[in-house]
Amino acid sequence: MASDPHSQTSTSAAGISAAGAVEAVQAPPTLLAAFWASFCENRGAVMGLALLSLIVFVAVFAEWVSPYSPVEQFRDFTKLPPVWVEGGNWHYLLGTDALGRDTLTRLIFGARVSLFIGLTVMVVSVIIGVALGLAAAALGGLVDVMIMRVMDLILSVPGLVLAILIVAVLGPSLTNTIVAVTAVFLPRYVRLVRASALSELGRDYVTSARVAGAGPLRLMVLTVLPNCLAPLIVQAALGVSEAILEAAALGFLGLGAQPPVAEWGAMLADSREFIRSNPWIVTLPGLAILVTVISINLFGDGLRDALDPKLKRS
Amino acid sequence: MLRFLLKRLALTIPTFVALMFVTFVAIRMVPGDPVEVRTGERGISPERLAQFRHEMGLDQPVWKQFVDYAWGLLHGDFGTSVVTNERVLTEFLQLFPATLELAFFGMVFAILIGIPAGVIAALKRGSIFDQTLMGLSLTGFSMPIFWWGLLLIMLVSERLGWTPVSGRIDLIKFYFEPVTGFMLIDSLLSDQAGAFKSALHHLMLPMIVLGTVPLATLARMTRSSMLEVLSEDYVRTAYAKGLSPFRVIGLHALRNALIPVVTIIGLQVGSLMAGAVLTETIFSWPGVGKWLIESIGRRDYPALQGGILLISSIVIVVNLTVDMLYGFINPRIRHGQ
């Protein structure tokens, strides 16, 4: 909404004095306000953000929000359907699994696991990706070739297959899932940062910073990097959803977080044998994955449209 | 052009050598003794153990093992499965047609629906159809396909009883020796009534599941590429010349819009192979993906190592081919290099 009052106010001193001097002239919106206004134009993105906030809230406050403990077994109430289906029980809103654990509770704790994996993978791969990408762009020569060859190597193995290999070597666990998925997603950040850094390095403002005596580290981190951020942020946001999908796939194959951790992929795998008798146990964890991934993707698309007009989807 | 090809080819070789090295090292870091898998958990005499180690080359220094391994690879020896005692390459080649068939039809499904849908969405930009398609495409793109597969089994196989749950063909009713390895062709060749229909029925769900993500990607790509092309000057010129919309869109716009789409199709090979691992696991489809997962469970590391190397080699070769084809299709790349 362009008429959003926030987008019209400016906190810069120049803006205030200008607005004071000539009332008719509106101060330019701050970066953040402009971004927010542009972001809000995209209804889907706002919806995604709202959903995502809800999921994050539930995940962070899982202990308080969820009715039970994720590992507590109610042996008298196994494989209950959700409450709106015949045979449902008001004490277990979304039913229970084969061991009598409350599905709603496990889904809530599953959100925590999935978001934790997604965010950790994103943060670690962005940090390493920025370091390697900037190093490749700044140093060039042998370092550049070496880094990019290794990234090509990673890219040549299909993502999930590489993750499977890594988990097979390190053993299945939550931590190793994160390691494996990070390795899979690293090349895209390295390539992105390197490419945008290289294109920025040729610009005049970089040359002038260099002439002014900026050292290589300062040049890369303080001068070049901020100008590569927009595509990086977009990629990172979308990367979270892909990491969640990838981790859930590993969990489904039995190579992710191990029981009794409530992980959505593993919950699905456990429920496979009840596909005929108790379809609800199968349906809900997958739905949770889908909704989370869609809301992150919607949010990411909105970020892209707002941050990076060049990438704007037509 | 030739220089471009040679350069691309030269870059592939170090990648391949590094891949060999990485799989070799990785598999040696795996916990668990391969000799123990082969001999069973019960202890055997130290002499037999030494003999096994010698047979498997495990008494050699590691660098020698790698050189032997690389030498073997160059001669098509991808090792021997410690479980079935069969050559990994032989096993892989037996199973690969099943994966290829699945991946091929998954891609055909995605192309046949995705490209026309994307074109129509671009032409009717902003319409209900466009919005619905973009919503569906987002959903497809975000789909955990292992859940999608289970959901389809629940609805189509269990509830409606339309398709079988697993396998490539009804093995109780039909048996024939594989000729090509592609079930659809073999079932036709077998001359058994109903065999082809059974094979087709078995293929439907896995094909849809594997094709869903590429379908969503293709529809999105085609739409945006088409929108871009439609605003180009030459399209306006074509309209101005009085050509029929059909001709303008089919001949002028579509041909150019499809150039990036073709590349996307080629680059999907890697994700198709990854998707095949999940799809095959869900539908008990006897291909290399399911085999790979099972070899982890059986601690059959030579099979895992060989399988990953072979799958990656296929992806590398296909991506290389796509790059080259792209050079041929797109003159800007051909002359730019």
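Student: Before we look at the two chains, what does buried area mean?
Tutor: Buried area is the accessible area (1.4 Å probe) that two parts lose on being put together, summed over both. This is a predicted model, in which local features need pLDDT of at least 70 and side-chain atom pairs count only at pLDDT 80 or more, while totals for chains, interfaces and linings use all residues. Residues are numbered from 1 along each chain as its sequence is written, chains are lettered from A in the order in which they are written, and side-chain values use heavy atoms, with hydrogens and water left out.

Student: OK, so how much do chain B and chain A bury between them?
Tutor: Between them they bury about 3,700 Å², with 78% of that on carbon and sulfur atoms; the contact (heavy atoms within 4.5 Å) takes 44 residues from chain B and 36 residues from chain A.

Student: And how many salt bridges are there between chain B and chain A?
Tutor: The count is 2, a salt bridge being a side-chain nitrogen of Lys or Arg within 4 Å of a carboxyl oxygen of Asp or Glu. One of them joins D301(A) to R220(B), whose closest N and O atoms are 2.8 Å apart.

Student: Switching topic, which peptide bond is cis?
Tutor: The bond from P259(A) to P260(A) is cis, with omega near 5 degrees.

Student: What about N85(B), what is its phi?
Tutor: Phi of N85(B) is near 60 degrees, a positive value in a residue other than glycine, and N85(B) counts as partly exposed at 48% relative accessibility, where buried means under 20%, exposed over 50% and partly exposed in between (1.4 Å probe, protein chains only).
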